[in-house]
Amino acid sequence: MAETRAKLTELDPVWARIMTEAEQAVADEPLLGGLVHYSILHHPTIERALGYRISLKLANGEMTEQILREICDEAYRADPDLAMAARADIVATNERDPACHRFLQPMLFFKGFQAVQAYRVAHWLWKQGRKDLSYFFQMRSSEVFGIDIHPAARIGRGIMIDHAHSIVIGETAVVGDNVSMLHSVTLGGTGKEEEDRHPKIGDGVLIGAGAKVLGNIKVGNCSRVAAGSVVLNEVPPCKTVAGVPARIVGEAGCDQPALSMDQVVPGGGARD
């Protein structure tokens, strides 16, 4: 067993750590044994565990857990990048969310992480031309998690969505790698034209709680959008914007705002 675990740690350190934490969780709280075994310890790979967790959450009277499980397993087999992105999201959440102390927590308890993984499967379906099924994933994710991400949106790796209530990401939105956002963020369109109409968020951006970024505008790499801001114009890289409508109020304050999670803007303002 020790040799097998050592090999797993070498090949897949994220999954190995989750397994170790799951075993400790059962030892610490036996009443969670069923949950942890069914969700984590029963599965040989992170892909299978993710498929189980997503299907369990999204199943309803119209679509059974078994059917959804088969869809998720198909997606993870066809596109290994889905699980690689999930690993990056787990690491990002653990590094940036002070309430996250273990890799196990996003897998079991954090709806922001779970909703993003459901989106990733929906996006895979969208790219396969299975749009109605991807819409089902979107609908159920919105109903279950309170997060509405259009399956056509493009979202990178290392995403951390904290608290996660009322997140809306529109159809033509693009979110780069290593982005952090808090609850009630909207990446929305303006008007009702069907062309490219949603924001393009660069790498390493931090978007504060309640911020609205509207229209086909760019938010440059490593910028900060202060909580409650309404962004209607392009944001240059490495800047902080705040206000309604938002304006540049200073530099970003560090090289990687999404990693530091520092939401104090020049001139005052509390972090969430």
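Which element gives the most to the lining of the second largest pocket? In this predicted model, that element is H8, with 5 residues. The second largest pocket holds about 150 Å³ of space. Its lining is made up of Asp79, Asp81, Leu82, Ala85, Tyr119, Arg120, His123, Trp124, Lys127, Ile155, Gly156 and Arg157. Helix H6 (81–96) and H8 are the elements that give two or more residues to this lining. By class, the lining has 5 nonpolar, 2 polar and 5 charged residues.

H8 also takes part in the largest pocket, where 3 residues from H8 form the largest share of the lining. The space in the largest pocket is about 180 Å³. It is lined by 14 residues, and those closest to its centre are Asp97, Phe110, Ile161, Asp162 and His163. Two or more residues of this lining come from each of H8 and strand E3 (160–161). The lining divides into 8 nonpolar, 3 polar and 3 charged residues.

The buried residues of H9 are Leu133, Ser134, Phe136, Phe137, Gln138, Arg140, Ser141 and Phe145. These buried residues pack against helix H4 (46–58), helix H5 (65–78), helix H8 (111–127) and strand E1 (147–149). Just after H9, Gly146 adopts a positive phi of about 70°.

Strand E1 belongs to an open sheet of 5 strands, in which the order is E1-E4-E7-E10-E13 and the pairing is parallel. E1 and strand E13 (230–231) stand at the edges; each has a single partner strand, so one side of each is left without a neighbour in the sheet. Within the sheet, strand E7 (residues 186–188) pairs with strand E10 (residues 212–214) in the parallel sense over 3 bridges. Gly188 stands opposite Leu214 in E10.

The largest cavity has a lining of 11 residues, of which Leu206, Val225, Ala226, Ala227 and Gln263 lie nearest its centre. Strand E9 (206–207) and strand E12 (224–225) are the elements that give two or more residues to this lining. The lining residues of the largest cavity divide into 6 nonpolar, 3 polar and 2 charged.

Methods:
Residues numbered from 1 in each chain as written. Predicted model: local features only at pLDDT ≥ 70, side-chain atom pairs only at ≥ 80, totals over all residues. Heavy atoms only, no water. Buried < 20%, exposed > 50% of the residue type's maximum accessible area, 1.4 Å probe, protein only. Helix = DSSP H or I, 4+ residues; strand = E, 2+ residues; numbered from the N terminus. Contact = heavy atoms within 4.5 Å. 1 Å grid on protein atoms, 1.4 Å probe; cavity = no way out; pocket = protein on both sides within 12 Å on 5 of 7 lines; lining within 4 Å. Nonpolar A, V, L, I, M, F, W, Y, C, P; charged D, E, K, R; others polar. Pairing = 2+ DSSP bridges. Points joined across faces, edges and corners; volume = space filled by probe spheres on them.
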